[in-house]
Amino acid sequence: MPSITKTRAWQALKAHREEISRTTLRELFDADPGRYQTFSYETRGLALDLSKNRMTHRTLGLLAELAKAAGVEEQIEAMLSGQRINESEDRAARHMALRDRSELASAGVDAEVRSVDRRIEAFTNLVRAGRAVGATGKPFTDVLSIGIGGSHLGPMLVMTALRTAETTGPKVHYVDNIDGHQIASTLAKLDPATTLVLAASKSFTTMETLANAETARKWIVERLGRGAVAQHFVGLTSNTAEARAFGITDDRIFPMWDWVGGRFSVWSAVGLSAALGVGWDAFSAFRAGAHAMDRHFAAEPLEENLPVLLAMTGIWNNNFLTFDDVAIVPYDERLRALPSFLQQLEMESNGKRVRLDGSVVDTRTAPVVFGMVGTSAQHTFHQLLHQGTRSVPVDFIAAARPGHALSGRHDKLIANMLAQSEALAFGTDGGGDPHRTCPGNRPSTTILLEKLDPFHLGMLIALYEHKVFVQGVIWGINSFDQFGVELGKQLADPLVRDISASKVRGTYDSSTAGLLRRYRAWRGSDG
Ligand code: F6P
């Protein structure tokens, strides 16, 4: 597989970097007063402003050439047409089919997929109407969603973003971690008679999810009897046999497909918790927004294609300007779950060191992604962004229309966001005081939504999904596998056995063995 670094476009970008290093954002803005118009893009109520990145027309032209050289157009087509682009797992990546109503309604995907989708819709409506009841005949007032990683972060993001005080339907509670504090405190708030438990796990073998599902099953059985499991449990999985073995009945198992990766699975049965919490209409509009972005992604030329532009700006910042990190700062409390969702999406997808053919990459791949909502982030890590020794490109994300009626508050919030990107770009000489000097010339991107409704949330998530895919294509890596997660899981097995056994059987390095001894001594013998 020829390396992308050998292409003419890559070499030209390397040379171009020297040119850009000699200019500042201040100079770029002074030279082109209409820079916002030149470097901002819009589609269906989503605006993407790249103007506060250290780039020129020539940068964008070379980045488009690089995308062409890497075969981005062909790879978009390969993904859309259902080719097995996840080569190491020999699978397609067809999450887009799940948000395409016409595909779901026609022969684009097979009959089973369509019928499961209709079952999810019918079940959502049944529960929300109070017509699905628990073992004592009471409707479900609460949903406990158990799942981790891709089986958790997407649905939780949708719920936190779209559920308001006025939304009707059951309240949804999320549990992901093996840490018993989380499920213990959640169950303490719930009544088993009115709680529906969703076990969301593509593999149905994930340790955390199985442990939490077993705890929840015990909780149901102790209070309502063994027979209640069938009425109170739902399985969202591609391993239907294991879900059945757990005690979930077939009519409560909603399959997902091997061609939907975990972190791309919110559009599948895994999204059920969100659909239950916000309603089927909102969930459908959320998928429709993603589909609108898919169509844009499939049809627009590279130079006008928002996910491609976002991806290539990231490539420029990462591979050429050598910035190691990306901060995600949504100025919207409803998007507080977005940074962790994007952490998984970006770092699990593109945190890779070998290319599709197994050869080691000769480029940097995924940056470290972190973040927090503004304005809280301003009082947490923005000091480093303004005056630290490293430049951290920031993605600022906001919605123009608030979801509350408090006067003046939203304007203040957005004013703060604009001030932050201004300060990063232009800095201050601090009146000559080095302690007060902010060097500026620090890049940021702003994504402004007309409003944060289901449609625009769908657009936003699909925008980032496709960004991640395009970057994977540039680096020549497989964005859809995650073998790196396996080693830690394997090493945990003997430790789980030894941590409470009377005799330690495994052989460990001295640090692990020492900590194990210390833990066992302090933990005591109460199990
Ligand atoms: O963290 C690793 C991972 O495999 C993710 O890719 C996935 O989203 C998560 O575990 C949960 O997996 P499952 O849905 O199979 O329980």
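How many cavities of 30 Å³ or more does a search of the whole structure find? The search turns up three, where a cavity is a set of points on a 1 Å grid over the protein atoms alone at which a 1.4 Å probe fits but cannot get out. The largest cavity holds about 170 Å³ of space, a volume being the space filled by probe spheres set on the points. Select G314, N317, V326, D395 and K467: of the 19 residues lining the largest cavity (an atom within 4 Å of a point), these are the closest to its centre.

A quick word on what you're looking at: the model is predicted, and local features need pLDDT of at least 70, side-chain atom pairs 80 or more, while totals for chains, interfaces and linings use all residues. Residues are numbered from 1 along each chain, and side-chain values use heavy atoms, without hydrogens or water.

Next, click the ligand. Now show the polar contacts, pairs of N or O atoms within 3.5 Å. Polar side-chain atoms of S201 and E348 each lie 2.6 Å from a ligand oxygen. At G150, a polar backbone atom is 2.7 Å from an oxygen of the ligand. The protein covers 86% of the 390 Å² of accessible area that the ligand has on its own (Shrake-Rupley method, 1.4 Å probe).

Finally, colour by domain, with bounds from an automatic or database assignment: domain 1 is 4-69 + 300-429 + 436-475, domain 2 is 95-283 and domain 3 is 484-523. The C-alpha centres of domain 2 and domain 3 are 33 Å apart.

Note on methods:
A polar contact is a pair of N or O atoms within 3.5 Å; within protein, one must be able to donate a hydrogen and the other to accept it, and residues adjacent in sequence count only if both atoms are side-chain atoms. On a 1 Å grid over the protein atoms alone, a cavity is a set of points where a 1.4 Å probe fits but cannot get out, and a pocket is an open set with protein on both sides within 12 Å along at least five of seven lines; lining residues have an atom within 4 Å of a point.
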